[in-house]
Amino acid sequence: MSTEKELAYRYDLFIAPDWRERFDEIVNANVKLPTDGRILEVNCGTGAFAIDLAEQMHGNGDVIGVETSEELLEIARAKAQIKKCEDVTFESANMFDLRFADKDFDAVIGDASLLRPAQIESLLKEMIRVAEFDAPVILKLITYGSFDEFFSIYWEALMNAGIVEAVWSELEKLIQEKPSVEAIEKLAKKHNLKQVVSITEKQVFEFENAKAFLESPIIKDIFLSRWLAILPENQRQEICENIIAIIDRDRYHNAFDVSIKATVIKGVK
């Protein structure tokens with residue numbers, strides 16, 4: 001089993017550039033952020049986006065990145081030091097109970113793309129609380145329709161193993177738990193965000209083959225344990241092998257790709 005430090009390095013090497021940066025590019029292309037004042041990034045990962053924001057401020061403001069993982073923060077601080085970026089700081093925080101006062105920031109950005117859907121509302125409420133009036137609030141997440149290619153194969157693997165009926169209700173929850181864009185917009189308005197706009201882009205991830213898919217950092221380190229949690233532990237390896245067999249059969253051992261609905265919700269407090 002990988003240590004927290006090993007997982008942090010895998011995150012920085014593979015997940016941050018191939019997952020997080022896709023969401024950050026959507027923000028950069030569609031959201032005008034302030035170039036002075038104070039900006040907060042919640043769930044800042046290993047800090048690349050927060051550092052970029054700080055550099056764009058040219059000494060006219062500062063960025064605070066908060067994260068629950070000390071190992072990720074250690075990498076973020078090292079990056080800032082290497083870049084000699086003095087206008088960004090990184091600190092450990094409970095994303096659902098931030099230490100900051102109400103209306104403390106001129107912009108708040110949050111990454112919920114790897115959170116469980118049940119956590120999104122609590123995160124968004126706290127982001128809105130610490131935002132100044134008229135400040136932009138931006139949330140990154142995946143929405144309904146993500147990983148559909150995988151779930152159709154997962155269902156077939158469960159059916160082949162004769163256990164699909166036993167776990168169907170839990171599988172259905174997994175498939176349907178990701179919120180729709182409309183539901184997230186409604187949630188934002190419920191918590192008094194104004195001028196709510198959503199931007200959704202289909203993002204495709206290609207893997208060399210089925211085994212490479214299941215062993216990729218984004219799947220193995222983040223999603224696979226959630227997906228397999230509906231199964232008895234003694235059946236999980238069998239189902240993984242069945243998934244590989246189905247993908248290789250259908251793709252003739254060629255590349256396998258999955259897609260997500262990468263969504264950015266922006267509004268003004």
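**Charged side chains and overall build**

User: Is glutamate 170 buried, partly exposed or exposed?
Analyst: This is a predicted model. The relative accessibility of glutamate 170 is 34%. Buried would need under 20% and exposed over 50%, so glutamate 170 counts as partly exposed.

User: How many residues apart in sequence are the parts tied together by arginine 38 and aspartate 62?
Analyst: The side chains of arginine 38 and aspartate 62 meet in a salt bridge, at 3.9 Å from N to O. Arginine 38 lies in strand 1 (residues 37–42) and aspartate 62 in strand 2 (residues 61–67), so the pair ties together parts whose separation in sequence is 24 residues.

User: What are the relative accessible areas of arginine 38 and aspartate 62?
Analyst: Arginine 38 is partly exposed, at 25%. Aspartate 62 is also partly exposed, and its value is 27%.

User: What is the N to O distance between aspartate 250 and arginine 249?
Analyst: Aspartate 250 is partly exposed at 36% relative accessibility, and arginine 249 is partly exposed at 46%. The two form a salt bridge, with the closest N and O atoms apart by 2.8 Å.

User: Which residues are linked in a network of salt bridges?
Analyst: Side chains of opposite charge can pair when their charged atoms come close. The count of salt bridges in this model comes to 21. The residues linked in a network are Arg20, Asp24, Glu41, Asp111 and Lys140.

User: Which residues gather in a patch of negative charge on the surface?
Analyst: One member, glutamate 201, lies in strand 6, residues 194–207. Glutamate 201 is partly exposed at 31%; patch members need over 30% relative accessible area and no salt bridge. The patch consists of Glu21, Glu25, Asp52 and Glu201.

User: What is the radius of gyration of the protein?
Analyst: The protein has ten helices and seven strands, and 51% of its 269 residues count as buried. Its C-alpha trace spans about 60 × 40 × 30 Å along the principal axes. For 269 residues a compact globule would have a radius of gyration near 18 Å, which agrees with the value for this protein, 20 Å.

Methods:
Residues numbered from 1 in each chain as written. Predicted model: local features only at pLDDT ≥ 70, side-chain atom pairs only at ≥ 80, totals over all residues. Heavy atoms only, no water. Patch = residues over 30% accessible without salt bridge, like charges linked within 9 Å, V, L, I, M, F, W, Y side chains within 5 Å. Areas by Shrake-Rupley, 256 points an atom, 1.4 Å probe, with all protein chains shown as cover. Salt bridge = Lys/Arg side-chain N within 4 Å of Asp/Glu carboxyl O. Lys, Arg positive; Asp, Glu negative; His and termini not counted. Charge placed at Lys NZ, Arg CZ, Asp CG, Glu CD. Helix = DSSP H or I, 4+ residues; strand = E, 2+ residues; numbered from the N terminus. Buried < 20%, exposed > 50% of the residue type's maximum accessible area, 1.4 Å probe, protein only. Rg over C-alpha atoms; globule rule 2.2 N^0.38 Å.
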